[in-house]
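Visitor: I should like to understand the reasoning behind the terms applied to this protein. Please take me through it step by step.

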Amino acid sequence: RDSSGSANYMSEQALLLNRSVYAALKKVFSKVLVFPGDTHYYLASDGPLRADIGQVLFARGITTKRLMHYELPIMTDQLRLSQLKDALSKGTKMANHDLSPFAFGHLLNLWAEKTGSRKILLVTLFIIAIGSAILISSRDVIRYVIISTGYAAMGMELFLIILFQIIYGYLYLGICAFVTLFMIGAPLGAFLSAKWKYPSQKQLFACDIVWIFLAISAYIAAHIGIHLKESASIILTEYVLIPLILFIAAMAAGCQFVAAAGKSRGTGAEITGGLYLADFVGAGCGSLLIGLVILPWGGVQGVIISILALKGLSLIVCWKKA
């Protein structure tokens, strides 16, 4: 593996990034060797490792395109190797993990530092998004339910897509199927809600219970899925369990939208426009908060906790209104 680095000096964010990767490797392998340079190269093994890679490559007749002969003396200098090892071994560090991608959070901060991006812009964007959600929710509790549903739907979709990538390792073909599956599930849930002869308020309440159950189920599936070794179990999780949770989540979102429309007042255009606005604001907040804050720093556990918190409050609101 390679990581952003420096031959002589690492900034605080670069150091935190590399410490996170180093700590993750140390948890799995007994031997970890890091070569300094503009790009740090990591070697990890349970067997012995040699630092004199130039001699090893020469002895085996291996020609590389990325490692040039003039880079090897710097990379294999014993003093630099020792100093880098000491720097990565010290200080507070959060080991990167499949379900807690702390290194990604440090990488975002590192690129913001390198490009001179102003955090004030990101903070302003967050304030606008969250402020819009609070403003819309204050007008109508039903709209809060839809905002929380938009957030939960976006969070669950991101969560399950990432989980599929972690287990399967290749998402390019699967992501098209997942998005299509969600687009099928949402209108199907809306159709069933319209046909379901059940009070709209109780439908909202029932869907919130489903959301909470799905969030807990997804969290359990994540911790079980990353430890699966049997091919049959992996295939069952990849192609049955994860798509099923996503499909049910989409149905719950569609069902709640129609049920919320049944509880709202106004003309058809006013109801539809207001609920769509609430749904989009919730999904937008979910994309920003989950993608840039919660997932990099709280991992999948943070994503699930945020969904449970919002839908738990939504459940209380629906229960009081029932």
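Visitor: Among contacts in the protein between residues at least 6 apart in sequence, what percentage joins residues at least 24 apart?

Guide: The share is 75%. The model is a predicted one, and a contact here requires heavy atoms within 4.5 Å.

Visitor: How do you know how far the prediction can be trusted, and what is the mean pLDDT of the protein?

Guide: The mean pLDDT is 83, and 92% of the residues reach 70 or more. Among the elements, helix α9 (residues 200-225) has the highest mean, 90, whereas strand β1 (residues 2-4) has the lowest, 57. Where pLDDT is low, predicted coordinates should not be read in detail.

Visitor: Which elements make up the protein, and in what pattern?

Guide: The protein has eleven helices and three strands. Along the sequence they follow the pattern β-α-β-β-α-α-α-α-α-α-α-α-α-α. The C-alpha trace spans about 75 × 50 × 30 Å along its principal axes, and 42% of the 322 residues are buried.

Visitor: Why is Ala153 called buried?

Guide: The relative accessible area of Ala153 is 8%. Buried means under 20%, so Ala153 qualifies. Ala153 lies in helix α7 and, leaving aside neighbours within four places in sequence, is in contact with Phe182, Trp211 and Ala253.

Visitor: Why does Lys195 count as exposed?

Guide: Lys195 has a relative accessibility of 55%. The cut-off for exposed is over 50%, and therefore Lys195 is classed as exposed. Lys195 is placed in helix α8, and its C-alpha atom is 32 Å from that of Leu135, 60 residues apart along the chain.

Visitor: What makes α9 and α10 roughly antiparallel?

Guide: The two helices pack at an angle of about 160°, with their axes 9 Å apart. Angles over 145 degrees count as roughly antiparallel, so α9 and α10 receive that description. Their crossing is left-handed. Residues of α9 in the contact include Leu204, Trp211 and Ala218, and those of α10 include Leu241, Ile248 and Ala252.

Visitor: Why are α1 and α4 called roughly perpendicular?

Guide: The axes of helix α1 (residues 12-28) and helix α4 (residues 78-89) come within 9 Å and cross at roughly 85°. Roughly perpendicular covers 65 to 115 degrees, and therefore the term applies to α1 and α4. In this pair, Leu15, Asn18, Arg19 and Tyr22 of α1 meet Lys85, Ala87, Leu88 and Ser89 of α4.

Visitor: Which residues touch the most other members of the largest nonpolar core?

Guide: They are Met156, Phe159, Leu160 and Trp211, in a core of 53 residues. At least two residues of this core come from each of α6 (119-139), α7 (141-168), α8 (172-195), α9, α10 (231-263) and α11 (268-321). A second, separate core has 14 residues, including Leu17, Tyr22, Leu84 and Leu88. In soluble globular proteins, nonpolar side chains tend to be buried together.

Visitor: What does Phe159 touch, not counting residues up to four places away in sequence?

Guide: Phe159 touches Ala218, Tyr219, Ala222, Val300, Val303 and Ile304.

Visitor: Where is Phe247, and which residues is Phe247 in contact with?

Guide: Phe247 is in helix α10. Neighbours within four places in sequence aside, Phe247 is in contact with Leu181, Ile184, Gly185 and Leu188. The C-alpha atoms of Phe247 and Val179 are separated by 9.9 Å, although the two residues are 68 residues apart along the chain.

Technical notes
Residues numbered from 1 in each chain as written. Predicted model: local features only at pLDDT ≥ 70, side-chain atom pairs only at ≥ 80, totals over all residues. Heavy atoms only, no water. pLDDT = per-residue confidence, 0-100. Helix = DSSP H or I, 4+ residues; strand = E, 2+ residues; numbered from the N terminus. Core = buried A, V, L, I, M, F, W, Y, C linked by side-chain atoms within 4.5 Å. Buried < 20%, exposed > 50% of the residue type's maximum accessible area, 1.4 Å probe, protein only. Axes fitted to C-alpha atoms, helices over the stretch in contact; angles between N-to-C directions. Parallel < 35°, antiparallel > 145°, perpendicular 65-115°, else oblique. Left-handed = near helix turned anticlockwise from the far one by under 90°.
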